[in-house]
Amino acid sequence: MSELALGLKRLHLPTVSRLYVEYEEKATKEGWGYVEYLERLVLEEVAHRIQTRIHRAQRAAGFPFIKTIEEFDFAFQRSIERRMLGAYLGPELVSEGRCAIFCGPPGTGKTALSVAISMKAIQNGYDALFTTATEMITAMTEAEKKGRASELLPKYLSPDVLVIDEMGYLSYGPNAANVVFQVVDRRYLAGNKPIIFTTNKEPSEWSSVLHDADLSEAILDRILHKGEVLTLSGESYRRRRG
Ligand code: ADP
Ligand code: MG
């Protein structure tokens with residue numbers, strides 16, 4: 001290995017390492033100066049790092065499927081317009097701490113939009129976690145039984161964006177309201193870190209879903225402080241596709 005190749009390896013510049021010979025030929029052919037040659041290599045390294053980070057963050061988020069906002073068909077889902085999602089698709093989602101509740105019947109794109117918003121956040125340099133209400137409530141309840149809640153809680157507190165999918169699809173045990181409140185309150189206190197909920201139940205029904213009117217009011221109060229309910233309606237996209 002040449003001194004250069006070794007040095008690039010030590011500096012963790014795999015893209016420069018992979019391209020520098022090829023780019024040397026291009027530089028000769030196209031008349032790039034020294035600075036332009038260096039600049040092109042550095043930009044490739046930066047671009048590659050960003051891609052790697054995005055892929056890693058996407059995998060870590062645990063999405064059930066990948067959907068981008070560009071792939072979302074607003075002509076099919078007419079109860080929402082893309083401009084209504086503006087505040088959720090830019091860095092202000094995190095910097096200003098927006099929350100959202102996507103509410104509507106099955107197949108109307110609630111999960112897809114929560115994934116698409118998280119994907120944008122990842123592209124904007126943040127990280128995200130996708131979970132379902134059932135998954136989170138079950139995991140936290142189990143952890144509490146073992147006296148390990150404080151070990152698991154950071155999983156739901158640390159991501160910049162948290163998706164809690166399918167709130168209210170199943171009936172939850174008596175601890176559910178507590179778990180959801182803890183996560184919502186702690187994220188709220190940590191500077192209003194965004195949470196995206198999806199649900200088939202109107203927020204007014206959350207008290208019966210969670211079997212606790214006071215806690216569900218406290219939960220909604222925090223979410224809706226800088227958040228909103230976005231109601232989706234219409235036919236199921238799943239059935240349309242047959
Ligand atoms: P919900 O969570 O409301 O039940 P999903 O978001 O899971 O529905 O949508 C079901 C499937 O249809 C997913 O694969 C999703 O990506 C796709 N889908 C739903 N609505 C749209 C849409 N308007 N444009 C493109 N794909 C959609
Ligand atoms: Mg869904």
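Modeller: Let us start with Asn175, which counts as buried because its relative accessibility is 17%, and buried means under 20% relative accessible area, with exposed over 50% and partly exposed in between (1.4 Å probe, protein chains only). This is a predicted model, in which local features need pLDDT of at least 70 and side-chain atom pairs count only at pLDDT 80 or more, while totals for chains, interfaces and linings use all residues. Residues are numbered from 1 along each chain as its sequence is written, and side-chain values use heavy atoms, with hydrogens and water left out.

Biologist: Where is Asn175 placed?

Modeller: Asn175 sits in the loop between strand 3 (161-167) and helix 9 (176-189), where helices (H or I, at least four residues) and strands (E, at least two) are DSSP runs numbered from the N terminus.

Biologist: What makes the pairing of the Asn175 and Glu144 side chains a polar contact?

Modeller: Their side chains are joined at 3.0 Å, and a polar contact is a pair of N or O atoms within 3.5 Å, of which, within protein, one must be able to donate a hydrogen and the other to accept it, while residues adjacent in sequence count only if both atoms are side-chain atoms. The side chains of Asn175 and Thr141 are likewise joined by a polar contact, of 3.1 Å.

Biologist: Which helix gives the largest share of the lining of the largest pocket?

Modeller: Helix 6 does, with three residues.

Note on methods:
Chains lettered and ligands numbered in written order.
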